[in-house]
Amino acid sequence: MNETKKTGLFWGTAVITAAIAAIVAWPKTVINDDVGPGQMLFETFVDPLAATNMKIVTFDEAQGTLDSFEVRKDKESDQWTIPSREGYPADAIEQMKDAANALVGVKILDIQTSNAEDHAGLGVKEPKLESLEVGDEGVGRLVTFKNATQETLASLIIGDALKDDPTKRYVRIPNQDPVYVIKFDESPLTTNFRDWIEDDLLQLSSIDIETLELKDYTATLGQRGISLSRKYTADIALDGATWKLNELLDFDPKDPRVEPKKVEKLEDEKLNTTKLNDLKNALDDLKIVNVYRKPEGVSATLKASKDLLSDQDAIASLAQRGFYPIDVGPDGEAEILSANGEMSVSLKDGVKYLIRFGNIAGVSGDDKAKKDTDEAVEGDEKTPVGGVNRYLFVTTMVDESKFPPPELKEIPKTLEDLDAMLKSEELGAKSEEKEVLNPPVVEEKKEEPAAEEEPADAPEMKKEEAESEMSAEEAAEEVTEKPEVPEASEVPEASGEAETSGEGEATGEGQAQDDEAVAEEKPVVEAEKPVVEEKPVVEEGKPVVEEGKPVAVEEPAAVKLTDEELRERLEAEQEKITKENQRKLDARKDQLDAAKRKVRELNERFADWYYVIPEDTYGKLHIGRENLFESAAAAATPPPPTGGPQFNFNNLQGGPGN
């Protein structure tokens, strides 16, 4: 074979190899060759849940750069993350389904053009950095969905909306010339960071807040070290809807080493409930606009690791965002001062948040931070694009003061201990019984006795008619025992004649009436009866109760227990008290473990991140000394700092305040 044929064969092989490589590198978008109006744009993309990766690429005309936003499901952890935000956790299950659904079942309404020269005019020019320059226009937005094996399910360049119908868009498949007209809702295809994350950062409810500790100070880094100016520290409790000041300390703004002055609240001073309620609500609804990873040396706990002070890159990262590590003792641990103070929030369940306020995002040459936060809040009505934001550093810990050791009952060890315990319980029981049985005697107002009335005439005796007639003798005896006493005017004169009955027997009624009239004229003197003191009836087993006197309780005779019975009683009491004490200890342990578990879970979220919040949110979380009270007396606060002494990073002893 001559050299000419060898050369031709070589070039032919090279062309075939290049063609194969181009085919392999070509996106595997599934689309029919004869796609036309009325057909599905992506016929095989029917299950939105199959999408495990979404990437949106946009072109920045002013900077001439590409920006990408990506959401992906990790195969190992099965967790959604945002790789374009350094792998921050995403809350993307529903959002991803909605986004993928935007391209499922979309039909082609029309083919606008197949000429590549028309792409820029329709806004479907592909965002490829190698073919773009600063100021290029007509570049579309590239959206790509992939499955778990990284196969492309759908890829689309979204262009301009139609002028006569904004619900319709010009779109194009990458590396293909035809431009289609489709109608679909692209709102789920958002790059707004907030739309893809858990929007409740702290995951606390304002009704669970018990105490706040506000530490207002400023720390700035200068050529000679850190300049620290302390202002005030306030310990405030929340009881229902009422705020209460527990303690207020004012510092010397010129020298942070001077002991603070305890301030007594004046009578006319009232806490600013409006500001405090705004703070409480801002904690409940704390939103972030961006995140950045912390240095690895910063742990999930309150303090930084001891190696942090020797890690210059980590120190620079912290200082750039307004957090300054300092050496606070011989143990090698480091505390972190914040540029704009800090606050701690304690909840009822024993979880305590420590929130530190850093620099304004975008300051100190951090242009990328400002650009990212501007984009993150685009479309958010509360935070305009280009708005000021601030760095936030969050950690949690267990508030041990919420879990005091329970009061345990002493367990008797000997029979003497048992006897002493039983006597003590008996005395306590008697004391309670006396309080129940002998309530305070309340003297009642006695009524004056009414005047005695003169005895009325003796009532007329009435006997029910017996079944058989009474004899005359029985009638006479009854009259003798219970005579009628008529009025003097009613006494008839004696006629001296006796009435006779039908049988001819004298009744003697006339004589008897005369005798009774004479007897009435003589006063009847009854013999004085002896006074007999009535004793209360005493029922067996019940105490004697006399008015105005304490209740006499007859104590039952003590039952003497044998030694064996006493030992059994001792063992029973020991078991009973041991179980009661253990229940108290277990209840405390369960509550403490629940708090530790929650703190651990929260710190796993907070450990790796600086957060960025809107400045207006910071304005609600930070309360100046002049706004702490509602009254005019609050104006009598220390003068604003005029500059404090400079301190070196590693030599400052002590934290930001008591």
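This is a predicted model: local features need pLDDT of at least 70, side-chain atom pairs count only at pLDDT 80 or more; totals for chains, interfaces and linings use all residues.

Reader: How many helices and strands does the protein have?

Author: The secondary structure amounts to 11 helices and 21 strands. Of the 658 residues, 35% count as buried.

Reader: What share of the contacts between residues at least 6 apart in sequence join residues at least 24 apart?

Author: That share is 68%. Ile-93 belongs to helix α2 (residues 93-101).

Reader: Is Ile-93 buried or exposed?

Author: The word "exposed" is used for a relative accessible area over 50%. Ile-93 has 57% relative accessibility, so it counts as exposed.

Reader: How should I read a sheet?

Author: Begin with the general idea: strands of a sheet pair through backbone hydrogen bonds, either parallel or antiparallel. In this structure, 9 strands form an open sheet with antiparallel pairing, in the order β4-β3-β2-β1-β6-β7-β8-β9-β5.

Reader: Which strands stand at the edges of this sheet?

Author: The edge strands are β4 (88-89) and β5 (108-113). Each has a single partner strand, so one side of each is left without a neighbour in the sheet. For β4, strand β3 (residues 80-82) pairs with it in the antiparallel sense over 2 bridges. In that pairing, Thr-81 stands opposite Pro-89 of β4.

Reader: What does a hairpin look like in this model?

Author: One example is formed by strand β10 (residues 209-222) and β11, which pair in the antiparallel sense over 12 bridges. The two make a hairpin with 2 residues between them. Across this pairing, Leu-214 stands opposite Ala-234 in β11.

Reader: Over how many bridges do β11 and β12 pair?

Author: β11 and strand β12 (residues 242-250) pair over 8 bridges, in the antiparallel sense. Here Asp-235 has Glu-247 in β12 as its bridge partner. β11 and β12 also form a hairpin with 2 residues between them, and Gly-240 in the turn has a positive phi of about 70°.

Reader: How can I check the length of a helix, and find the side that is buried?

Author: Helix α4 (residues 273-284) has 12 residues, which at 1.5 Å a residue should span 16 Å; its end C-alpha atoms are 16 Å apart, so the two values agree. As for burial, the buried residues of α4 are Leu-276, Leu-279, Lys-280, Ala-282 and Leu-283. These residues cover an arc of only 165° around the axis, which puts them on the same side of α4.

Reader: What covers the buried residues of α4?

Author: The covering elements include β10, β11 and β12, together with β17 (342-347), β18 (351-360) and α11 (615-621).

Reader: How are pairs of aromatic rings read?

Author: One looks at the distance between ring centres and the angle between ring planes. The count here comes to 11 aromatic pairs. In one of them, the rings of Tyr-292 and Tyr-391 have centres 6.1 Å apart and planes at 65°; an angle over 60 degrees counts as edge-to-face, so this pair is edge-to-face. Tyr-292 lies in strand β14 (residues 290-293) and Tyr-391 in strand β19 (residues 389-398), so the pair ties together parts 99 residues apart in sequence. Tyr-292 counts as buried at 8% relative accessibility, and Tyr-391 is buried at 1%.

Reader: Which arrangement do Phe-323 and Tyr-610 show?

Author: Phe-323 and Tyr-610 are stacked, at 6.0 Å centre to centre with 0° between the planes. Phe-323 is in strand β15 (residues 323-327) and Tyr-610 in strand β20 (residues 609-614), so this pair links distant parts of the chain, 287 residues apart. Both Phe-323 and Tyr-610 are buried.

Reader: Where do charged side chains sit over rings?

Author: The charged end of Lys-294 sits over the ring of Phe-393, 3.8 Å from its centre. Arg-390 lies over the face of Tyr-618, at 4.1 Å from the ring centre.

Notes:
Residues are numbered from 1 along each chain as its sequence is written. Side-chain values use heavy atoms; hydrogens and water are left out. Rings of Phe, Tyr and Trp (its six-membered ring) pair if their centres lie within 6.5 Å; planes under 30 degrees apart count as stacked, over 60 as edge-to-face and the rest as tilted. Helices (H or I, at least four residues) and strands (E, at least two) are DSSP runs, numbered from the N terminus. Buried means under 20% relative accessible area, exposed over 50%, partly exposed in between (1.4 Å probe, protein chains only). A charge sits over a ring if NZ of Lys or CZ of Arg is within 6 Å of the ring centre and within 35 degrees of the ring normal. Two strands pair if DSSP finds at least two bridges between them. The expected span of a helix is 1.5 Å times one less than its number of residues. The arc is that of the directions from the helix axis to the C-beta atoms. Contact means heavy atoms within 4.5 Å.
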